[in-house]
Amino acid sequence: MDSIKYFSPAKRLVLGLVLVILAMLLLVAGWTVPFQFESSSILYKFGIQKVLLRSGKIVGITVAVLLFYQILLVSHLKFMEQIFIQKRLLALHRFNGFLVALLVLVHPVLNKASENFTAYMFESKYYPEFVGIGLMLVILTVAILAFFRERLGTYYGKWLVLHRIGATMILLILPLHVLWVSDTFKGGLPRNAALGIFGLNLLLLLRIWLRRILS
C-alpha cells in the first residue's frame with residue numbers, strides 16, 4: 001500500500017468542510033427534484049397523500065445519493081484519505097450504510113401509504129416497482145451481513161468478496177429502478193444528473209475491482 005502524506009491539520013479542516021458542504025449541496029439539490037420536476041403520479045395526489053408520496057420520493061433520492069457516497073468512501077482516493085484518514089472514512093462508510101438500510105425501509109412505506117397500501121398487480125408496467133423491491137432486499141442483505149459479520153462467524157476475506165459482489169449488484173440494479181419508476185427521470189436535467197452519478201458509481205466500482213485483481 002502506498003504511504004500517504006497527510007495535509008496539515010488546518011488544510012485538512014478547510015478541505016474537509018468544503019467536501020462536506022459539497023456533499024450536502026448534492027443532497028439538497030436532490031431533495032428539490034420532486035418539487036421542481038413533478039411526476040404525473042404527484043399531480044393526481046392531494047393533501048396528506050401528496051405529502052406522503054413526495055416524502056417517499058425525497059427519501060428514495062436520498063438513498064441513491066448516499067449509495068454514491070458509500071462507494072466513494074471506500075474507493076481509496078488518495079486526496080480523501082489525506083483529508084479524513086482511512087479509518088474515519090471506513091467508520092463513516094459503516095454509519096452511512098446503516099442510514100441507507102434504514103431509509104430503504106422507509107421509502108416504500110411512504111410511497112404505499114400515499115396509495116392506501118394498495119397492492120401492486122403482476123403487470124409489466126409495475127416492473128420498476130418490483131425491481132425496487134429486489135433492490136431493497138439486496139441492500140438489506142448486504143447491511144445485515146456487514147453489521148452482524150462477527151456474530152455470524154464469517155471469515156473477513158470471504159465476507160469482503162461477498163460484500164463487493166452485493167455492492168456491485170446494488171449499483172447495477174439501482175439505475176433500473178430510478179430511471180424508470182417515475183417519469184421525473186425519463187428526461188431532462190434529473191435523468192442527466194442521475195446518469196452522471198450512476199456513471200461515476202460504475203467507474204469507482206470498476207476501480208475497486210481492478211485494484212483487488214491487480215493486487
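To begin, select Phe117: does Phe117 count as buried or exposed? Phe117 counts as exposed because its relative accessibility is 55%; the cut-offs are under 20% relative accessible area for buried, over 50% for exposed and partly exposed in between, with a 1.4 Å probe and protein chains only.

Before moving on, a word on ground rules. This is a predicted model, so to speak of local features takes pLDDT of at least 70, side-chain atom pairs count only at pLDDT 80 or more, and totals for chains, interfaces and linings use all residues. Residues are numbered from 1 along each chain as its sequence is written, and side-chain values use heavy atoms, with hydrogens and water left out.

**The loop between H5 and H6**

Phe117 sits in the loop between H5 and H6; helices here are DSSP runs of H or I with at least four residues, strands are E runs of at least two, and both are numbered from the N terminus. Phe117 is not a glycine, yet its phi is positive, at about 60 degrees. Now pick Asn116, in that loop too: its phi is near 55 degrees, again positive in a residue other than glycine. Asn116 counts as exposed, at 59% relative accessibility.

Next, click Ser114, also in the loop between H5 and H6. Ser114 counts as buried because its relative accessibility is 0%. Leaving aside neighbours within four places in sequence, Ser114 is in contact (heavy atoms within 4.5 Å) with Lys45, Gln49, Leu52 and Leu53.

**Into the core**

Select Leu67, Ile71, Ile139, Ile170, Leu174 and Phe185: they have the most contacts inside the largest nonpolar core, which has 36 residues. Such a core is a set of buried Ala, Val, Leu, Ile, Met, Phe, Trp, Tyr and Cys residues joined through side-chain atoms within 4.5 Å. Helices giving two or more residues to this core include H1 (9-36), H3 (47-73) and H9 (188-214). H3 supplies the largest share, 10 residues.

Stay on Phe185: beyond its neighbours within four places in sequence, its contacts include Val33, Ile61 and Pro190.

**Zoom out**

Finally, show the whole protein chain. You'll find 9 helices and 0 strands. Its C-alpha atoms fill a box of roughly 55 × 40 × 30 Å along the principal axes. Of the 215 residues, 39% count as buried.
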